[in-house]
Structures are given as C-alpha cells and as structure tokens.
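Work through the exercises below with the sequence and the 3D structure at hand. Each task is followed by a solution in steps.

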Amino acid sequence: MKTSSFSIRKLTLAALLVGSAGLVSSQRPTADKGLKDYYKNYFPVGVAVGRQSIQGAEGELIKQHFNSITPENAMKMGPIHPEENRYFWTDADALVDFAQKNKLRVRGHNLLWHEQTPKWLFKDAQGKQVSKEVLLQRLHDHIFTVVKRYKGKIYAWDVVNEAIADNPQEFLRNSEWYQICGEDFIAKAFEYAHEADPQAQLFYNDYNTERPEKRERIFKLLKKLKDAKVPIDAVGLQGHWSLQEPTEAELRQALDQYASLGLKVQITELDVSIYPWEKERRAKRPGESDAYTPELEQKQAAQYKMFFKVFRDYKNVLTGVTFWNVSDKYSWLDTYPVAGRKNYPLLFDQNQQPKKAYWEVVKF
Ligand code: GLA
C-alpha cells in the first residue's frame, strides 16, 4: 500500500515535471511579450536609463520589456549633489516617478564611487584636502539625504562602486576616498546606507568580477565585510562583457564563489561589446573598422544565449539582471574607451527592433 501510493506520487510528480517542461519549451517568442514576461519565474529584468529614454519609442520599449530601472547617471554623486549645500533632484525624481507610474522597481546607483564625484567633495574652502572626519561626515550626510528621499521607492542601492584596484598587485584602488580614509570608507558607506533605509538591499558593485585574479580580490573584500558584520546583502557583477569573455566556466565559478558567502548576486550593467575589453581611452585608429558584420552578430547571439542559460541555472542566487542602456541607438560604449567607434552591445538594434541575440535569450 505504502509502496504504491509512493509510486503514484512519484508518477504524478513526473507528469507535473513533464507538463511544466512542455510549457516552457512551447513558449513561442512573440512580439507583444517582453523580456520581463519570459523571465517572470526567474528574476526581474532591468535597464539603465536617462531622462531622454523614458519617452517616445524607447519609453514604450522600456515598459514592454523591463520591470526594473537603474538611473544611468542621475543619482551619481556629481550630478545629484553638485555643491555641498545644493542637490539637483530633477532628473532623479523624474526617473523615480516614471518607475512608480509604471510599477517598475528602481535600483539606486550609486552612493560612493571614485568617478563622477563633485569638485567640492575632497576639498575645504581653501582648496586643501579634507580630513578623514570631514570626508566621512560628508559621506554620511550625502547618503542620508539621498537614501531617505527615495526610501520605499528604491529597493536596492549600489553602495560602493569599483573599490578594487585595476592593478592585480594592489588590493584597494588608490582613490581619494582611500587616500583620505584608508579602507574604512567602505564599511562606513554600508553602515550609513543601512541606517538611512534598513529595508534597502545593499550592494558592492564592480567590473571584471569573473576574471580569476580580480575575483579573488573582490572575494577577499566581501569576506572581510561579512566577517566584520557590515550590512552588505549582495554583490553586483556589472557584466560589461564581450565576445571574448567571460567564459561559461569563469561565470559559473564567480557566481558560486560569491554566493558561498551567503550574498545574493545581480548582473547590474549588462552589455556585450563586439570588441575585446580595453580600459584606457584612445582615439579611433585610421581605418579601424566598426562594422557590425553578420558574423559578429551571430557570435554575440551565441554569447548572450550562453549567459542567459547560466543565469537561469542560478535563479536561486540571482535576484536581477539589468542591461546598461536600452538599444544600440545609444550605448556608453559608442564613445568609451574609443571615441567615435560605434558599438552594438544590446538586445535591440538602432530602431529598437529585437536582434538575433534577443531571440536566443527568450527561446528556452
Ligand atoms: C561603470 C559605472 C556605471 C557607468 C558605466 C559606464 O560601470 O558603474 O555607472 O558609468 O561605468 O557608463
């Protein structure tokens, strides 16, 4: 009796599994569904936006495909806090309002970075470098003001962005934050953000997070923070990737290693460049091609397919995947690192039409 009810249960389970597998594979990509619908059982799908992209055709595309946004620049310290006693809220407010109206989540980006910082931040009225106490007080006031303004409307914050050095021989980046505060600024930023909004999920965010040597240094930092009971919830892998990297094995290993600390993970700035990764800015070389050939498009589609297969496999670890920009009409990679060299890193083309890569991402 026992055995048979057990096998009936097993059979029912098998039938259910076959049923649900059938359902998934019979999903037909259609024009009216969006990325967020295909991925509703996996994770929210987000996109980085500026004010120019929340209207017109791009605005419609955002509403169809995404259920989360990240302000591309509007909440960075330079733009939002240009002078010590002046905040500029207009752009950030407009993005948060758009999100509220359209029921989109918002990831706040970012509270502390070495780039796009305002001029006044590290200097006193005489132009001399400020002390650690003054800088931490400024950081505290900045974080309290910005985080509290959007409390309940922003569910996650990139608290510290890119604190690890580019040079593999070094640990933390030799930024002004580091020069003035030593490594304390990192823990302090998380503490202030947690105090300002205890509900917000707090992230450390960085790039090249899958390269083994950088992965080890990021892991070391995250472990230190966890061991010291700093209120950090998650790590953001920016995902500024290319046709060359990361490999599937590198990506899986990175996800495993970060998750082993009990942290959640998000892909926060995804794009797949058609060029190998470079860091230093330079001019386009005479004759350097920026043609988007069918071969490159095909390779890119295969790369996106692999990434999303891995993301689905890690749905218990990944709590979001966000693209950096909406369509190939505009990407920050059009000017960086090579000025004037067009890039085609996203799922939608310059006319907001889905590319080959898009169909690979939604076909599973
Ligand atoms: C980094 C930052 C982002 C953005 C990109 C380029 O990845 O985290 O805010 O500036 O560079 O746009």
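**Exercise 1: The cavities**

N208, E210, R211, W241, E245, P246 and E250 line the second largest cavity. This is a predicted model, in which local features need pLDDT of at least 70, side-chain atom pairs count only at pLDDT 80 or more, and totals for chains, interfaces and linings use all residues. Residues are numbered from 1 along each chain as its sequence is written, and side-chain values use heavy atoms, with hydrogens and water left out.

Task: Give the volume of the second largest cavity and sort its lining by class.

Solution. 
- Step 1. A cavity is a set of points, on a 1 Å grid over the protein atoms alone, where a 1.4 Å probe fits but cannot get out; lining residues have an atom within 4 Å of a point.
- Step 2. Grid points are joined across faces, edges and corners, and a volume is the space filled by probe spheres set on the points. The second largest cavity holds about 40 Å³.
- Step 3. Ala, Val, Leu, Ile, Met, Phe, Trp, Tyr, Cys and Pro count as nonpolar, Asp, Glu, Lys and Arg as charged, and the others, Gly among them, as polar. The lining then has 4 charged, 2 nonpolar and 1 polar residues.

**Exercise 2: The cis peptide bonds**

Task: Find which peptide bond is cis at P246 and which at P337.

Solution. 
- Step 1. Most peptide bonds are trans.
- Step 2. The bond that joins E245 and P246 is cis, with omega about 0°. P246 sits in the loop between strand 7 and helix 10 (248-259); helices (H or I, at least four residues) and strands (E, at least two) are DSSP runs, numbered from the N terminus. Both E245 and P246 belong to the lining of the second largest cavity.
- Step 3. From Y336 to P337 the bond is also cis, with omega near -5°. The loop between strand 10 (318-323) and strand 11 (338-339) holds P337.

**Exercise 3: The largest pocket**

Task: State which residues are the closest to the centre of the largest pocket.

Solution. 
- Step 1. A pocket is an open set of points with protein on both sides within 12 Å along at least five of seven lines. The largest pocket has a volume of about 630 Å³.
- Step 2. Its lining has 33 residues, and E115, H240, K279, W332 and Y336 are the closest to the centre.
- Step 3. At least two lining residues come from each of strand 7 (240-242) and strand 8 (264-273).
- Step 4. By class, 12 are nonpolar, 11 charged and 10 polar.

**Exercise 4: Positive phi**

Task: Decide whether K103 is buried or exposed.

Solution. 
- Step 1. K103 has a positive phi, near 55°, and is in the loop between helix 5 (90-101) and strand 3 (105-112).
- Step 2. Buried means under 20% relative accessible area, exposed over 50%, and partly exposed in between (1.4 Å probe, protein chains only). K103 counts as exposed because its relative accessibility is 74%.
- Step 3. K229 has phi near 60°, and at 72% relative accessibility K229 counts as exposed.
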